[in-house]
Amino acid sequence: MTDHDITPAAGSSPAPGPDGFSTTEASFISEMGSLMERWGLPQATGRLFGYLLLRNKPVDLDTMTRELGQAKSGLSVAARQLESWALVRRSTRPGSRRIDYEAVGDLQHLLLVNNAHMRKFTETLSSGVPVARGEARDRLASLADLFSGFVQQTEALVADWEARRATS
C-alpha cells in the first residue's frame with residue numbers, strides 16, 4: 001500500500017492488489033460491508049468500518065475516498081453512521097480543519113454499545129406487554145425477559161473480562 005498504515009496480518013499477502021489492498025485485506029473489508037448490509041446498514045458503512053479497523057492511525061475523508069475508491073459524500077455519511085453507533089470516533093489535527101476518523105476497537109466497548117441497543121429493544125418489548133392479550137402478551141413478556149437476561153449477562157461478561165485484563 002502506498003500511504004496506508006495497515007499492518008499485514010500473519011499469513012496475509014503483503015503485495016497490494018489493484019485497489020492498493022492485499023487480497024486478505026480487501027476480502028475483510030468486503031466481508032464487513034456484506035455483514036453490515038445484512039444488518040440494514042449501507043454496504044459502504046460496513047466497508048468503511050472494516051477499512052478503519054485495519055488502520056493503525058486516524059484517517060481523513062480524502063484519504064478514505066482515494067483508498068476505498070468511493071464517493072466522499074457516501075463515506076461522510078458512512079462515517080457519521082458509524083460515529084452514531086459509537087464504532088468510530090472523530091478527531092482533528094492542531095491547525096487543521098480536516099476531520100480524522102478511527103475505529104473504536106475495544107471489544108468491551110462494542111459489546112456495551114450493542115447492549116444499549118438491546119436495552120432499548122427490551123424496554124420497547126416490555127412496553128407492549130400491558131397492551132397485549134393472551135399469547136401475544138406471553139410472547140412479549142418472554143422476549144423482554146430473554147433480552148433483559150442477555151443484557152445482564154453481557155454486562156457481567158464485560159466486567160469479568162475487564163477484571164481479568166486488569167490483573168494480567
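This is a predicted model: local features need pLDDT of at least 70, side-chain atom pairs count only at pLDDT 80 or more; totals for chains, interfaces and linings use all residues.
Strand β2 is joined to β3 (residues 99–103) by 5 bridges. These two strands run antiparallel.

A second arrangement involves two other helices. Two packed helices are described by the angle between their axes and the distance between the axes. Helix α2 spans residues 43–54, and helix α3 spans residues 61–68. Their axes come within 12 Å and cross at roughly 105°. Angles of 65 to 115 degrees count as roughly perpendicular, and α2 and α3 are therefore roughly perpendicular to each other. On the α2 side, the contact is made by Arg47, Leu48 and Tyr51. On the α3 side, Thr63, Met64, Glu67 and Leu68 take part. The residues of this contact divide into 4 nonpolar, 1 polar and 2 charged.

Confidence was also computed along the chain. The mean pLDDT of the protein is 86. A pLDDT of 70 or more is reached by 88% of the residues. Over residues 6–18, pLDDT stays under 50. For residues 6–18 the model has 17 contacts beyond four places in sequence.

Methods. Residues are numbered from 1 along each chain as its sequence is written. Side-chain values use heavy atoms; hydrogens and water are left out. Two strands pair if DSSP finds at least two bridges between them. Helices (H or I, at least four residues) and strands (E, at least two) are DSSP runs, numbered from the N terminus. Axes are lines fitted to C-alpha atoms, for helices over the stretch in contact, and angles run from 0 to 180 degrees between N-to-C directions. Angles under 35 degrees count as roughly parallel, over 145 as roughly antiparallel, 65 to 115 as roughly perpendicular and the rest as oblique. Contact means heavy atoms within 4.5 Å. Ala, Val, Leu, Ile, Met, Phe, Trp, Tyr, Cys and Pro count as nonpolar, Asp, Glu, Lys and Arg as charged, and the others, Gly among them, as polar. pLDDT is the predictor's confidence in each residue, from 0 to 100.
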